[in-house]
Amino acid sequence: MIQQDINELEERSIFIIREAKSKFKNVAALWSMGKDSTTMIALARKAFLGKVPFPVIHIDNGIDFPETYKFRAELAKKWNLDLIVVESEIKPEMSGFACCGANKTVALKKLMEERGFDALIVSIRRDEHGIRAKERYVSPRDRNFKWSYKDQPAELWNDYSSSLDSKGHVRVHPLLDFNEIDIWNYIKKEKVPINPLYFSRNGMRYRSLGCTHCTTAIKSNARNVDDIIKELGTTTTEERAGRDQDKEKEYVMQKLRSLGYM
Amino acid sequence: MAENAKTLAEALWKNPTTKGWEAFSGSLAKGGIKYYKIFYEKGKLANKEDLRYSYAELYDSKEKAVCKVPIFRKDGAKIKGATIYLSGLLNINK
């Protein structure tokens, strides 16, 4: 796995987070309590000298891991986060797993309308999935949350588009250039608190976290951050191998993202 | 202690409301419960009603099974997820 200079990555991410805060009126960030969004919040704290200046949103389907809820409560208190918890439904949908597919987007859409957020910071990375590789740092969504991945701004020379469709919003992606191993290197460097489910117990650990019903553990003896970094240096398995939604029909992720999924 | 947890779990199955869950979760640590596993054998969750067919098995510090509890709560006519009430326990589904 390619490792990049984490100081450069940090600098770019902080620049993007600060740009988002200054260019948009009402910014919020999504927080799933996974390694990526927790790293993003750590970066936001660094960008704004210890205080995250926007609300963080957890879209909760009620069946996340108990460790995840405990981690949420502890870190929200420790970092004094303005946490918004939105309940999402579980019901059959046209695509994606019922517990975390389009249903989460419906709950998010409702919240965005109520609170009038015009920019949403989302912690996706290009190396996670083919469709995420097509994303931009600042990615416009129309009023129906739709993303036109065939028609996106070029983003040359750090010029990030901030034009908004009326009543639309932008997705801001400050972690786009991080690889999985960069995230762990950053967690190590900055001592970012992390959900304990990532660490091995009885020879198994979670590498990518969803809810209790759509995530499976992988075989691993990595019991701490150093072990995980070492393991990622030699693994031949993809990161989201334990996520059921990625095993559905071809292009499901592409379809979900174009409809507004995170 | 384990017997007490079993009795409380039985009561929770009969009354999985917020009140029932709060009473149960308060007794988790005292009951010596440390680990949990989540089971759901129906395949894909279609809606929250399906949570009725899922459950968590709770274990003591020696990983000995103590009791089974639902992972939903009733909120009026609605069924909602309730894994938050198991906070503090550690997953051994792994």
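Two residues are in contact if their C-beta atoms, placed from the backbone, lie within 7 Å. This is a predicted model, in which local features need pLDDT of at least 70 and side-chain atom pairs count only at pLDDT 80 or more, while totals for chains, interfaces and linings use all residues. Residues are numbered from 1 along each chain as its sequence is written, and chains are lettered from A and ligands numbered from 1 in the order in which they are written.

**First stop: Thr212(A)**

Select Thr212(A), which lies in the loop between β7 and β8 (218-219) of chain A. Helices (H or I, at least four residues) and strands (E, at least two) are DSSP runs, numbered from the N terminus. Which residues does Thr212(A) touch, not counting residues up to four places away in sequence? They are Ile63(A), Asp64(A) and Phe65(A), together with Ile38(B) and Thr83(B). Is Thr212(A) buried or exposed? A residue is buried if 20 or more other C-beta atoms lie within 10 Å of its own, exposed if 12 or fewer, and partly exposed in between, with C-beta atoms placed from the backbone. Thr212(A) has 26 other C-beta atoms within 10 Å and is therefore buried.

**Second stop: where the chains meet**

Display both chains. Their contact takes 24 residues from chain A and 24 residues from chain B. On the side of chain A that touches chain B, α3 (66-78) and β7 (204-205) each supply at least two residues. The largest share of that side, four residues, comes from α3(A). By class, the side of chain A that touches chain B has 12 nonpolar, five polar and seven charged residues. Here Ala, Val, Leu, Ile, Met, Phe, Trp, Tyr, Cys and Pro count as nonpolar, Asp, Glu, Lys and Arg as charged, and the others, Gly among them, as polar.

Chain A has seven helices and eight strands, and 48% of its 262 residues count as buried. Select helix α1 (residues 6-23) and helix α2 (residues 35-47) of chain A, whose axes come within 9 Å and cross at roughly 75°. Axes are lines fitted to C-alpha atoms, for helices over the stretch in contact, and angles run from 0 to 180 degrees between N-to-C directions.

Keep α2(A) and select helix α5 (residues 180-190) of chain A; the two axes come within 10 Å and cross at roughly 45°. The helices α2(A) and α5(A) are therefore oblique to each other. Their contact joins Lys35(A), Asp36(A), Thr39(A) and Ala42(A) of α2(A) with Ile183(A), Tyr186(A), Ile187(A) and Glu190(A) of α5(A).

**Last stop: chain B**

Select chain B, which has two helices and six strands. Along the sequence, the pattern of chain B is α-α-β-β-β-β-β-β. Buried residues make up 44% of the 94 residues in chain B. The C-alpha atoms of chain B fill a box of roughly 35 × 30 × 20 Å, taken along the principal axes.

Key. Angles under 35 degrees count as roughly parallel, over 145 as roughly antiparallel, 65 to 115 as roughly perpendicular and the rest as oblique.
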